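Please read it alongside the sequence and coordinates shown here.

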Amino acid sequence: MYLIYEKDTLGRTIFEIVFKNTGSIYAKDGVANLLAHMLNTKGTLTEKEKFYSKIEEKAINLQVTTNKEFSTISVTFLNEKTHIAIKHILSLLQSPNLTQVAFNKTKEEIKAKKENIKNNNDYIAAANLFKILFKDTPLEKETIGENLDDITLEDIKNHYEYYSKSTAVFINGGKRIEIEPFLEVLSDKEIKKDMFFKPKTGEIIEKKEVEQSYIYFASPFNVKKENFHLAKIATFILGAGGFGSRMMEEIRVKRGYAYSAYANNEFKKSYKILRGYLQTKLENTNDAINLVKEMINEFTEKGITKEELDSAKKFLIGSEPLRNETLSQRLLRKFNEYYLGLGANYYEKELKLIEKVTLDEVNEFIKKHSEINNLSFSIVTK
């Protein structure tokens with residue numbers, strides 16, 4: 001159990017419980033998502049779906065989500081509704097509607113959603129990318145699950161046990177909420193061990209009736225925590241900085257291959273990669289792929305210029321207030337500092353590191369990380 005708290009005087013409270021190691025990679029395929037959907041839509045044993053209309057009448061917003069690593073119960077409410085909000089969260093945790101009827105209905109709803117995303121080409125390209133990168137590991141499968149028919153109600157109930165004291169991180173902004181009542185209703189189930197996976201390389205092409213090609217790519221990016229600030233600068237210049245980044249300049253501005261082209265760092269607890277995407281005309285597909293390869297190769301060989309470094313520093317430092325202006329943003333940062341083991345006030349310290357960094361430091365870092373040339377591609381094309 002861990003508590004993150006920040007006082008706020010706007011009259012509104014954010015209260016979240018993150019359950020570590022309860023995401024899709026820590027469960028049977030599709031179970032984590034199905035459980036979250038049941039908690040998000042099927043209510044309690046006594047009130048069923050009426051549970052949500054009751055709290056909506058009180059302007060209480062409740063949402064249960066899950067990703068590959070963890071699950072979250074998130075609630076926002078006006079301070080004067082604190083008592084009723086907490087009462088309803090506790091009732092959901094104590095007696096969730098994990099019945100066979102609710103389970104069957106949820107399974108059909110998720111199957112319908114799976115049918116809808118079959119036409120989402122960005123989703124397909126992104127999902128296929130993980131199938132390459134993390135083949136034969138739990139990360140290769142999307143959170144929504146591949147074969148829902150294999151899931152039983154017992155699987156759901158067993159996984160719910162891991163919404164426990166040992167996995168819970170309480171995030172509280174606004175009015176201070178007592179967490180003892182929550183500890184009383186959560187199970188004593190011990191947390192599952194952390195998992196970490198190294199990406200593989202490969203290529204997958206899915207042919208569909210499309211009017212343009214969807215190109216997603218990624219590579220290993222084995223960055224130590226103490227060098228995260230260097231990775232932020234490097235990738236900002238390469239592809240995370242929007243207009244002005246090398247990818248946007250080369251791929252969109254100079255060649256006209258794509259409307260947008262990005263590359264970002266994804267440093268998760270379970271994996272670390274450089275990941276990017278672009279869309280292009282069908283006839284430009286191979287040229288665009290080759291250009292991405294050439295750009296990253298040149299990047300690792302030659303590094304960046306003093307002008308690029310100065311521009312990146314100016315933007316990253318100057319735009320910091322925008323990334324830290326809302327209560328939800330500040331709470332998320334504090335959670336990341338804890339969850340990723342970055343240490344308290346990491347983001348403040350990171351700014352000072354960025355401010356002091358030299359051109360030689362960044363270029364030495366880039367040259368040491370030639371593994372980003374080991375690109376995998378997922379392409380949806382005609």
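Leaving aside neighbours within four places in sequence, His 369 is in contact (heavy atoms within 4.5 Å) with Phe 221, Asn 222, Val 223 and Thr 300. The model is predicted: local features need pLDDT of at least 70, side-chain atom pairs count only at pLDDT 80 or more, and totals for chains, interfaces and linings use all residues. Residues are numbered from 1 along each chain as its sequence is written, and side-chain values use heavy atoms, with hydrogens and water left out.

**Setting of His 369**
- His 369 belongs to the loop between α14 (359–368) and β10 (376–381); helices (H or I, at least four residues) and strands (E, at least two) are DSSP runs, numbered from the N terminus.
- The relative accessible area of His 369 is 10%, so this residue is buried (under 20% relative accessible area, with a 1.4 Å probe and protein chains only).

**Aromatic pairs**
- The count comes to 21 aromatic pairs, where rings of Phe, Tyr and Trp (its six-membered ring) pair if their centres lie within 6.5 Å.
- Phe 70 and Phe 335 have ring centres 5.5 Å apart and planes at 75°, so the pair is edge-to-face (planes over 60 degrees apart).
- This pair links distant parts of the chain, 265 residues apart: Phe 70 is in the loop between β3 (61–66) and β4 (71–78), and Phe 335 is in helix α12 (residues 327–339).
- Both Phe 70 and Phe 335 are buried.
- Phe 130 and Tyr 271 are also edge-to-face, because their ring centres are 5.5 Å apart and their planes lie at 85°.
- Here Phe 130 is in helix α5 (residues 121–133) and Tyr 271 in the loop between β8 (261–267) and β9 (272–281), 141 residues apart.
- Phe 130 and Tyr 271 are both buried.
- One aromatic cluster is formed by Phe 221, Phe 228, Phe 267 and Phe 365.

**Charges over rings**
- The charged end of Lys 269 sits over the ring of Tyr 339, 4.3 Å from its centre (NZ of Lys or CZ of Arg within 6 Å of the ring centre and within 35 degrees of the ring normal).
- Likewise, the charged end of Arg 333 sits over the ring of Tyr 347, 4.6 Å from the ring centre.

**Packing of α8 and α11**
- Helix α8 (residues 228–240) packs against helix α11 (residues 306–318) at an angle of about 110°, with axes 10 Å apart; axes are lines fitted to C-alpha atoms, for helices over the stretch in contact, and angles run from 0 to 180 degrees between N-to-C directions.
- The two helices α8 and α11 are therefore roughly perpendicular (65 to 115 degrees).
- Lys 232, Ile 233, Phe 236 and Ile 237 of α8 make the contact with Glu 308, Leu 309, Ala 312, Phe 315 and Leu 316 of α11.

Definitions and conventions
Parallel < 35°, antiparallel > 145°, perpendicular 65-115°, else oblique. Phe/Tyr/Trp six-rings, centres within 6.5 Å; stacked < 30°, edge-to-face > 60°. Buried < 20%, exposed > 50% of the residue type's maximum accessible area, 1.4 Å probe, protein only.
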